[in-house]
Amino acid sequence: MADLNILYESILSGKLEPAVAITVEAIEEGLDPQIIINDFMIKAMEEIGARFECGKAYVPNLLMSARAMKGSLDLLKPLLKGDTSSSMGKVVIGTVKGDLHDIGKNIVASMLEGCGFEVINLGVDVTSEQFVEAVKVHNADIICMSALLTTTMIYMKEVVEAIEAAGLKNKVKIMIGGAPVSQSFALKIGATGFSDNANSAVQKAKELMAAN
Amino acid sequence: MQTFKLMLADLTLNKDEIYLNLGYGGTLPDKYIMEMLDNVLKRAHEICHPQAGYILCEGGMSGKDKINLNGVSMKIGQIIGNYLQPASLFGLFVATAGKEYDDYLQQLKQSGDIVSEFLADAVGSEIAEATVRYVIGKITEEAATKSLFSTNSYSPGYCGWHVSEQKQLFSIFPKEPCGIKLNDSCLMYPVKSVSGIIGIGLKIELKPYGCAICGLKTCYKLRRVN
């Protein structure tokens with residue numbers, strides 16, 4: 001019988017192969033995918049997140065756990081088809097126009113995916129028009145914007161204004177992140193949320209989805 | 001322009017800086033991450049071709065926050081202006097981990113291996129910094145042959161020198177120095193590149209450098225250890 005505690009430990013320690021192997025075993029045995037996800041996989045991600053927050057785990061650990069989680073989720077998701085809980089929500093993410101810094105945004109994207117969000121990664125140097133278009137095309141719940149420079153963070157305001165002008169402000173939540181931004185800056189430009197690391201970005205995204 | 005085409009073996013990488021870039025403040029990555037990091041470093045040694053170059057310009061400060069070099073005026077800000085004030089000669093430099101390394105980062109990104117991408121990004125930052133140390137060493141050597149001393153180096157984007165001024169700095173170099181291009185926002189391609197200035201003169205006293213003099217509260221270097 002599939003030992004789901006091993007699945008929990010595999011995700012917690014970021015081991016993809018054993019996580020996938022146990023998941024396959026659990027599926028073959030007909031275990032409820034929602035129980036596997038909620039009672040073991042999400043719990044493991046919550047634990048690695050808690051360890052990160054108190055300095056007992058680091059970004060690579062978070063990413064490895066997210067990778068293991070995603071490997072298992074990819075197997076389970078098809079079994080949840082039609083179930084509204086199969087996705088935590090849909091996120092459009094990008095680094096704003098003028099800024100080429102990629103890695104922080106990719107880390108957040110990876111963590112969101114690992115935690116069950118569907119992520120559309122628009123890359124770097126993303127214009128307000130591209131953000132608006134992506135929200136419309138993908139029917140996104142959340143926009144995540146990133147910037148590493150004080151000179152490029154101001155473009156986030158333009159994106160917020162474009163979202164408003166497109167009549168999407170009440171439909172989509174707007175999150176921002178990156179070294180120069182802060183909660184006060186988020187409030188100032190009309191963004192819904194702010195986070196200063198990948199783990200808190202996931203928590204904030206979950207909060208925003210729960211508030212919907 | 002004096003240029004240097006390098007191999008990674010020509011540079012001295014500081015692994016502690018890589019760990020800091022990865023968010024490890026005062027501790028080491030676990031065995032598995034160390035192995036992945038070793039693989040990234042091995043690959044970097046195979047493919048990376050860092051380049052650096054510098055030119056020396058005569059010139060001087062104009063007021064407290066501007067410098068005039070080769071007929072180009074750059075607003076470098078008062079913090080850097082204060083440190084460069086005693087200099088009579090200036091070394092302008094660029095340093096890059098190179099296009100090949102950028103391509104490697106892109107490949108990792110395409111593969112979806114975010115862990116390796118993150119490790120390679122941190123390694124790339126340190127390669128760029130090590131290349132800066134190399135070219136500064138060359139500038140300092142040349143200054144020493146004239147019995148002159150050098151300041152620390154300063155870069156656009158830090159210590160009050162706005163990144164948009166990079167356009168002025170690059171106008172002094174030959175076109176696309178060491179293969180580095182600027183985009184409309186004055187950011188450099190390849191992304192793992194650094195530009196900057198170093199002051200040279202008789203009455204130069206090397207000052208403490210680092211986050212203490214900059215005061216840029218939003219700098220990533222302050223956040224990386226938090």
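Predicted model: local features only at pLDDT ≥ 70, side-chain atom pairs only at ≥ 80, totals over all residues.
Residues are numbered from 1 along each chain as its sequence is written, and chains are lettered from A in the order in which they are written. Local features need pLDDT of at least 70, side-chain atom pairs count only at pLDDT 80 or more, and side-chain values use heavy atoms, with hydrogens and water left out.

**Salt bridges**

The whole structure holds 15 salt bridges over all chains. Each is a side-chain nitrogen of Lys or Arg within 4 Å of a carboxyl oxygen of Asp or Glu.

Select B:Lys15 and B:Asp38. Their side chains form a salt bridge, 3.6 Å from N to O. B:Lys15 sits in helix H1 (residues 15-21) of chain B, and B:Asp38 in helix H2 (residues 31-47) of chain B. The two are 23 residues apart, so this pair links distant parts of the chain. Helices here are DSSP runs (H or I, at least four residues) and so are strands (E, at least two), numbered from the N terminus. Relative accessible area is 37% for B:Lys15 and 39% for B:Asp38. Both values count as partly exposed; buried is under 20%, exposed is over 50%, and partly exposed is in between (1.4 Å probe, protein chains only).

Go to B:Lys99 and B:Asp103 next. Their closest N and O atoms are 3.0 Å apart, in a salt bridge. Both residues lie in helix H4 (residues 99-111) of chain B, four residues apart, about one turn of the helix. B:Lys99 is exposed at 54%, whereas B:Asp103 is partly exposed at 32%.

Now select B:Asp121 and B:Lys192, a salt bridge of 3.2 Å, N to O. B:Asp121 lies in helix H5 (residues 114-145) of chain B, and B:Lys192 in the loop between strand S8 (188-189) and strand S9 (193-201) of chain B, so the pair ties together parts 71 residues apart in sequence. B:Asp121 is buried at 17%, and B:Lys192 is buried at 11%.

Then show A:Asp102, A:Lys105 and B:Lys109. Salt bridges with shared partners join them into one network.

**Aromatic pairs**

There are six aromatic pairs over all chains. Rings of Phe, Tyr and Trp (its six-membered ring) pair if their centres lie within 6.5 Å; planes under 30 degrees apart are stacked, over 60 edge-to-face, and the rest tilted.

Select B:Phe4 and B:Tyr134. This pair is edge-to-face, 5.7 Å centre to centre with 75° between the planes. B:Phe4 is in strand S1 (residues 2-5) of chain B and B:Tyr134 in helix H5 of chain B, so the pair ties together parts 130 residues apart in sequence. B:Phe4 is buried at 14%; B:Tyr134 is partly exposed at 22%.

Ring pairs link B:Phe4, B:Tyr54 and B:Tyr134 into a cluster.
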